[in-house]
Amino acid sequence: MKKKNEMSKLDKKISIKLFLYVLPGLIIVFLFNYFSIWGWLFAFFQYKPGKSVFECEFVGWKNFATLFGNKVMRNNLFRVLKNTFGIHMLGYIFTPLPMFFAIFLNEIKNVKFKKVVQTLTTLPHFIGWVVVYSLATTLFSPNGLVNNLGIQWGLLDAPVNFLASDKHVWITQVLWQQWKGLGWSAIIYFAAIAGIDQELYEAAMVDGAGKLRRIWYITIPHLIPTYFTLLIMSIGNFLNTGYDQFLTFGNALNKDYIEVLDLYVYNLGIGGGQISYSVAVGIMKSFVAFILFAFANFISKKVRGTSVF
């Protein structure tokens with residue numbers, strides 16, 4: 001009995017220590033993700049910069065009614081939603097890519113080469129979109145490398161300004177996202193692969209299974225739960241595309257096709273001074289994201305028997 005009490009005290013001490021490790025992260029999440037929700041009050045007032053929100057005129061649900069009541073606002077909202085959905089849906093086509101990249105890299109036996117490839121593919125994640133745009137300009141501007149090589153090899157008659165074109169904007173932005181995030185997104189799959197019981201591979205080798213069969217029947221099935229968990233979480237962030245990439249790559253020619261919801265909110269609030277209306281759009285986005293996440297989680301629970309919660 002005494003030994004059980006000692007073990008119970010030890011477990012409590014370990015639990016307290018683990019909680020203290022997590023506590024700084026919880027405080028950061030609370031401050032930046034939950035405490036800031038009080039800012040939703042701006043949607044119910046006609047806010048004017050420089051004044052307290054309670055000194056401004058209370059308008060109730062007027063800003064929310066403007067979302068769909070005003071024809072111009074409604075058309076703009078549907079346009080940016082189309083862009084947001086289009087870019088995200090194209091992005092979902094590439095969601096298995098980090099998993100297959102992690103499997104491919106895991107099969108490389110040369111450790112030094114593997115580390116070099118992993119480092120080079122992870123590094124772009126830490127590069128800002130302004131730097132990425134500078135790289136894109138170097139490659140794809142009228143005087144860039146691609147145009148110069150295309151003219152020299154006879155593939156192009158005249159320089160093409162790829163970055164100032166409104167054609168294929170969605171797919172080019174998705175490709176830039178994939179290049180920037182491939183190595184970083186694969187890290188969690190590397191961890192999942194490391195957790196697979198190596199005896200399964202040894203037993204498969206004894207049974208005569210080749211490398212491709214071991215990947216197909218052992219590695220991929222063990223990674224599928226991780227893939228679906230990340231997929232469900234990404235559906236919850238369906239409307240959270242961010243604005244920095246699209247603000248950087250946007251110009252007068254492609255604005256109608258590259259302006260996503262987050263950039264639209266930024267342009268309204270910071271560029272147009274319509275802070276209250278932009279907050280209303282942001283609230284709408286949060287509720288839609290929650291519904292999408294809950295729906296994806298429900299479908300996963302019904303179809304696969306597993307879910308995030």
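In helix 2, residues N63, F64 and L67 are buried, where buried denotes a relative accessible area under 20%, exposed one over 50% and partly exposed a value in between (1.4 Å probe, protein chains only). Helices (H or I, at least four residues) and strands (E, at least two) are DSSP runs numbered from the N terminus. An α-helix has 3.6 residues a turn, so residues three or four places apart point the same way. The face of helix 2 turned away from the buried side carries the exposed residues K62 and G69. Strand 1, helix 3 and helix 14 are the elements against which the buried residues of helix 2 pack.

The model is predicted, so local features need pLDDT of at least 70 and side-chain atom pairs count only at pLDDT 80 or more, whereas totals for chains, interfaces and linings use all residues. Residues are numbered from 1 along each chain as its sequence is written, and side-chain values use heavy atoms, with hydrogens and water left out.

The largest nonpolar core has 42 residues. A nonpolar core is here a set of buried Ala, Val, Leu, Ile, Met, Phe, Trp, Tyr and Cys residues joined through side-chain atoms within 4.5 Å. Those with the most contacts inside the largest core are L67, L77, I103, L261, Y264, Y277 and V281. At least two core residues come from each of helix 2 (62-69), helix 3 (71-93), helix 4 (97-106), helix 8 (169-194), helix 10 (211-236), helix 13 (261-271) and helix 14 (275-303). With six residues, helix 14 gives the most to this core. A second, separate core comprises 13 residues, including W129, W176, F246 and V260. In soluble globular proteins, nonpolar side chains tend to be buried together.

Leaving aside neighbours within four places in sequence, L261 is in contact (heavy atoms within 4.5 Å) with L77, V80, L81, T84, L239, V281 and K285. Residue K285 is found in helix 14 and is buried, with a relative accessible area of 13%. Its side chain is joined to that of D262 by a polar contact of 2.6 Å. A polar contact is a pair of N or O atoms within 3.5 Å; within protein, one must be able to donate a hydrogen and the other to accept it, and residues adjacent in sequence count only if both atoms are side-chain atoms. Beyond four places in sequence, the contacts of K285 are L239, N240, L261 and D262.

Rings of Phe, Tyr and Trp (its six-membered ring) were paired if their centres lie within 6.5 Å, with planes under 30 degrees apart counted as stacked, over 60 as edge-to-face and the rest as tilted. By this rule the count comes to 18 aromatic pairs. The pair of W40 and F287 is tilted, at 6.0 Å centre to centre and 40° between the planes. Because W40 lies in the loop between helix 1 (2-34) and strand 1 (45-46) and F287 in helix 14, this pair ties together parts that are 247 residues apart in sequence. W40 is partly exposed, at 29% relative accessibility. The rings of F45 and F58 form an edge-to-face pair, with centres 5.3 Å apart and planes at 75°. F45 belongs to strand 1 and F58 to strand 2 (residues 57-58), so the pair ties together parts 13 residues apart in sequence. F45 is buried at 10% relative accessibility, whereas F58 is exposed at 56%.

Ring pairs also link W129, Y133, F140, F162, W176, W179 and F249 into a cluster. The charged end of K180 sits over the ring of W129, 5.1 Å from its centre; the criterion is NZ of Lys or CZ of Arg within 6 Å of the ring centre and within 35 degrees of the ring normal. Not counting residues up to four places away in sequence, W176 touches W129, V132, A136, F140, Q245 and F249.

F249 is also among the contacts of N254, which include L163, S165, D166 and V169. N254 is found in the loop between helix 11 (244-249) and helix 12 (255-258) and is buried, at 3% relative accessible area.
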